[in-house]
Structure formats: C-alpha cells, structure tokens
Amino acid sequence: MVEWLDWCTTGKLGGRLVGPCTKKKYEYYFNYFLNRLGKNPKSPIVSIENFRKVLGLIPIESFSTRRHVYDAVMSFSKYLLETDKFKLEDREKLRKLRPRRFLPAKKVVLTEDQLNKVISAVEGFKDIHKYDKVLNLALIKFLAATGLRAGELCNLKLQDIDLEAGIVHVWLGKGNKNRKVGISQNLRPVIQEYLKQRKAGTDYFFTGRYGNKLDPTYVSRRFRRISIKTGINLTPHALRRTFVTLNVNRGKPLVHLQIACGHSDIGTTRGYCMTTEDEVIEAMKGW
C-alpha cells in the first residue's frame, strides 16, 4: 500500500499525479475494503469474489461509498498490474463491477433565507466556545461566498489569501489544478474578523481551537452539529451548490461560476444550479 500510494502521488502510476485529498480517499477506502473482508479473507485479497463480497455489504443508498471503494481498489489493481502481480483479464473483470446509481443523488442546497437563518442561529449559539463560534461563521460564509471544496478550504495557507488584491489562491485543487477566486466585499470583513481571533500554530489559514490544521471530515462534523441544532441540512458541498445557485439567480454569468468552481465542463456547473420551477415562474412574471 505504501508503494502504491507513493506511485499515485509521484506520477509513476500511469503518469497522472494524484492530489493529497485523493490519496487520503484511496487510503481510507482501501482500508475500508480490507476491514470488511474479515479476519481470514480468501486469497488473493484483490479478487472478483472479494470485491463482490464487499460491494454487496454496502447499501445501495450509499452510492458514494460504493464508488469510492471501487476507485481505490481499481487504482490498487492498476499498480499490481504494472508490477506484474495481477492479470489484465482479472482487472477487466473487476471493472465490470463498477457501481451504478439506483437512487437519485441527494443534492442539498440552501435557499438564501435558509443560509441567513443558519448564520443567525450560529451567531446566537451560547453553548459553544467563543472561538468555535467565530470559526463556524467564517467557514460557512467563506464557502458560501467562494464555492470552494472542503479539501481546498482546509489546504488554504495564510499566504494564499491576498486581502489587498482581493484574491484567494487555490493550489492543487481537484485534478491538481490551480486557480484564483475573488474576495467579495461582504466576505472581506468576515476574513478580517476571523484573522483577529485566529489561533496560531500552523501556516494553514483555517485552524482549530488549538491551532491545528482542519480536514474535510472535521469540517463536516462541525456542520452536522449545526444541522442538528438548526434543523437545516448543512454540508460543505451544499454550500458549494448554494454558491452557484444563488449567484445564477442574481444574474451572474454561468461561465464565471464555472471558472470560480474549477469545473472543466460547464455542464457540471449547470448541474450545481438548483433553481426551482417556482423561482423561474416568479422571475418570469417580471419579464
């Protein structure tokens, strides 16, 4: 596994560099695969029989888990193939087990009213540490105003935020692509307020109460607790969709949002826009 992951991150595996977030996913879900084989799995470990067994244990509702396990095992099998430990025909058999989505994807998005309610609720929380409140507000407002992925947010460093120029530098986002996004006038005071309270300890921009670097799972857990308290489903990716949807409704060009989100295909950005039929009807009444 160590050598496989090294090959992924150095481009030895097919010449394609894998980013740190993808590496973590591969490692996590390959271990997930191994753990669900039990104590005495049949040999060889990576086989169509074992693959079927693990995929069969994952509910069809958990499509993302099934797909992540598939991607990790297929990447590992590619490494085995290139080191002459696997047969091409066996890998093709594994490929045929690629998970299919049977249920519609859950695409969570917040309306502007819901977003404002979440922010107001977090501002009013009295049972959490003062710094946690400041951090929660900064995370929510930052994601809603930039459309960054959770991994990109967590990897931001202090030098990546240029308040004077109004630019956020995103290095090695999905697909190892770099991009820049703008800092809106509403986001600027949020960043300034957060910097006054920010805990030192690491070069990363967003830090925990003890100066520790955040990771996407940590951010998701924070948002889950907020969801329970507010009754509004809040996730980092929901804020990414909210960023697209609200800005499309405000008349911002879709191509601008495509570049801001780092999508190679504008159709992906269009899929993030969750404008409802009722909103279209109301808008058309004013045409």
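How many aromatic pairs does a search of the whole structure find? The search finds 15. Rings of Phe, Tyr and Trp (its six-membered ring) pair if their centres lie within 6.5 Å; planes under 30 degrees apart count as stacked, over 60 as edge-to-face and the rest as tilted. In the pair Tyr28 and Tyr29, the ring centres are 4.8 Å apart and the planes stand at 85°, so this pair is edge-to-face. The rings of Tyr29 and Tyr32 have centres 6.2 Å apart and planes at 50°, so they form a tilted pair.

The model is predicted: local features need pLDDT of at least 70, side-chain atom pairs count only at pLDDT 80 or more, and totals for chains, interfaces and linings use all residues. Residues are numbered from 1 along each chain as its sequence is written, and side-chain values use heavy atoms, with hydrogens and water left out.

Tyr28 is exposed, at 52%. Tyr29 is buried, at 15%. Tyr32 is buried as well. Tyr29 and Tyr32 lie 3 residues apart in helix α2, about one helical turn. Helices are DSSP runs (H or I, at least four residues), numbered from the N terminus. One aromatic cluster comprises Trp4, Trp7, Tyr26, Phe30, Phe33, Phe51, Tyr70, Phe76 and Tyr79.

Helix α1 (residues 2-10) packs against helix α2 (residues 20-35) at an angle of about 155°, with the axes 10 Å apart. Axes are lines fitted to C-alpha atoms over the stretch in contact, and angles run from 0 to 180 degrees between N-to-C directions. The two helices are therefore roughly antiparallel (over 145 degrees; under 35 is roughly parallel, 65 to 115 roughly perpendicular and the rest oblique). From α1, Trp4, Leu5, Cys8 and Thr9 meet Lys23, Tyr26, Glu27 and Phe30 of α2. Contact means heavy atoms within 4.5 Å. The residues of this contact divide into 5 nonpolar, 1 polar and 2 charged. Here Ala, Val, Leu, Ile, Met, Phe, Trp, Tyr, Cys and Pro count as nonpolar, Asp, Glu, Lys and Arg as charged, and the others, Gly among them, as polar.

Most residues other than glycine have a negative phi, and most peptide bonds are trans. Ser43 and Pro44 are joined by a cis peptide bond, with omega about 0°. Asp84, a residue other than glycine, has a positive phi near 60°. Asp84 counts as exposed, at 73% relative accessibility.

How values were computed: Buried < 20%, exposed > 50% of the residue type's maximum accessible area, 1.4 Å probe, protein only.
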